[in-house]
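The following exercises concern the contact between two chains. Each task is followed by a worked solution.

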Amino acid sequence: MSDLDARRTSHEELIERLVADLAPTRPLWSPLLRAALWLSAATLVGVGVALLSDLGAVSRRLTAVPDMWLAFLGSVLTAGLATVAAFEIALPDRKSAWALLPVPPLLLWIFASGAGCLRTWLLPETHIAPLEEAKDCLMFIVGFSAPLSALLIFMLRRAHPLRPNLLGVVAGLAVAATTNVLLVLRHPFDAAATDLLVHLVAVLIVVGLNMLAAKKVFAENFELSPRRF
Amino acid sequence: MSRDNFTEKADVSVDERWLRLMGAAQRGERAAYATLLRECVPFIRRVAARQGVRPDQIDDVVQETLVALHRARAAYDPARPFAAWLRAIAQRRAIDLLRRSARIDGREIHSPLAYESYADVSSDPAAQSAARSGAALITAAAANLPARQREALEQLALRGLSLEAAATETGRSKGALKVNLHRALKSLRVRFGGEG
């Protein structure tokens with residue numbers, strides 16, 4: 001048997017195995033629809049948190065100075081657009097450029113939050129979070145991120161991402177921004193430098209955990225010798 | 001347009017055909033799926049070659065892409081071009097293979113002379129020598145056995161023939177061969193046991 005014949009036989013054997021393994025499958029719903037479903041689940045969590053919060057105080061705090069509501073708007077938009085981007089780039093034929101979709105609101109979120117730091121110099125009465133409160137923030141973000149990340153990765157599992165690291169970053173950003181929105185509803189103080197630093201650390205932790213999760217969940221896609229299909 | 005003229009971009013009719021076949025495969029139609037997979041092979045080869053994969057590795061890319069296609073079939077949206085979807089998977093598989101090859105090439109070198117310069121760790125000269133001397137002792141001891149016992153030992157134990165084959169070859173009955181083999185082994189045990 002020539003090499004060419006051997007290769008053909010080998011391909012033919014694989015094709016026969018794949019065909020034997022075929023079962024009817026339902027095509028995934030559109031990325032937008034699945035993103036909307038995940039955001040709806042996150043909104044339900046948000047409603048639950050809001051019911052336990054003093055919404056009047058939250059509203060006064062957000063409208064007191066422009067950087068607060070701009071940062072809030074930035075995190076809301078980042079959450080929405082990063083979620084859409086995550087569901088898009090999880091599909092094999094979508095461009096990596098989808099990852100840039102949440103960048104403009106992310107910049108708004110970062111700069112508006114940074115502006116909050118300046119206020120601690122302009123308004124001396126602003127409450128600055130001590131280390132204990134900052135730790136609570138960190139625990140809140142990481143704690144709420146875990147189930148939201150698990151749900152997001154679960155909803156992405158049937159896609160076939162070709163770049164799991166990029167997907168992990170974008171999914172982590174979506175979860176971190178969503179959790180930040182939830183945090184604003186419970187936040188007892190305004191943005192300050194310590195606060196910003198804690199948020200940054202929390203976002204990096206969530207993004208890192210999502211990268212690890214995506215890599216683990218989708219590792220099978222990159223196995224050299226798959227044991228099963 | 002014939003299949004031969006089909007390029008990665010252009011052939012709309014082929015893409016439509018593949019789209020229909022993939023739609024049927026998603027519904028579980030095996031014949032359509034088999035046709036689709038077979039038709040994809042040359043396309044994947046071209047994509048891999050264009051990515052710079054070595055000719056001897058192109059079939060690896062083909063197989064990995066076919067497996068990836070199988071696993072990702074639920075992620076294919078029938079409203080979108082199939083060829084672009086498949087090309088994205090094949091390109092990524094080719095890039096992954098090139099990276100793996102680069103990593104392996106960076107750590108390993110091909111050095112056939114190394115086999116001649118280093119001893120084979122699996123070979124044990126002492127064991128080989130002992131086996132040789134053991135075989136020589138048995139051969140010498142067998143030479144002192146009575147002829148029928150030696151004959152049974154050679155045919156059944158050393159050559160490994162079945163009783164039927166040994167009986168046919170020697171013209172003895174199976175019972176006689178068994179008795180003589182038993183006696184030969186008993187003599188050898190006594191001999192080596194006494195020596196040991």
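The model is predicted: local features require pLDDT of at least 70, side-chain atom pairs count only at pLDDT 80 or more, and totals for chains, interfaces and linings use all residues. Residues are numbered from 1 along each chain as its sequence is written, chains are lettered from A and ligands numbered from 1 in the order in which they are written, and side-chain values use heavy atoms, with hydrogens and water left out.

**Exercise 1.** Determine the extent of the interface between chain B and chain A.

*Solution.* Step one: 37 residues of chain B are in contact (heavy atoms within 4.5 Å) with 34 residues of chain A. Step two: the two chains bury about 3200 Å², 60% of it on carbon and sulfur atoms; buried area is the accessible area (1.4 Å probe) lost on putting two parts together, summed over both. Step three: B:Arg30, B:Arg71 and B:Ala74 lose the most area on the chain B side, together 20% of what that side buries.

**Exercise 2.** Identify the salt bridges between chain B and chain A.

*Solution.* The criterion is a side-chain nitrogen of Lys or Arg within 4 Å of a carboxyl oxygen of Asp or Glu. The count is two. One of them joins A:Asp93 to B:Arg80, whose closest N and O atoms are 3.2 Å apart.

**Exercise 3.** Is B:Gln57 buried or exposed?

*Solution.* B:Gln57 has a relative accessible area of 13%. Because buried means under 20% (1.4 Å probe, protein chains only), B:Gln57 is buried.

Methods:
Buried < 20%, exposed > 50% of the residue type's maximum accessible area, 1.4 Å probe, protein only.
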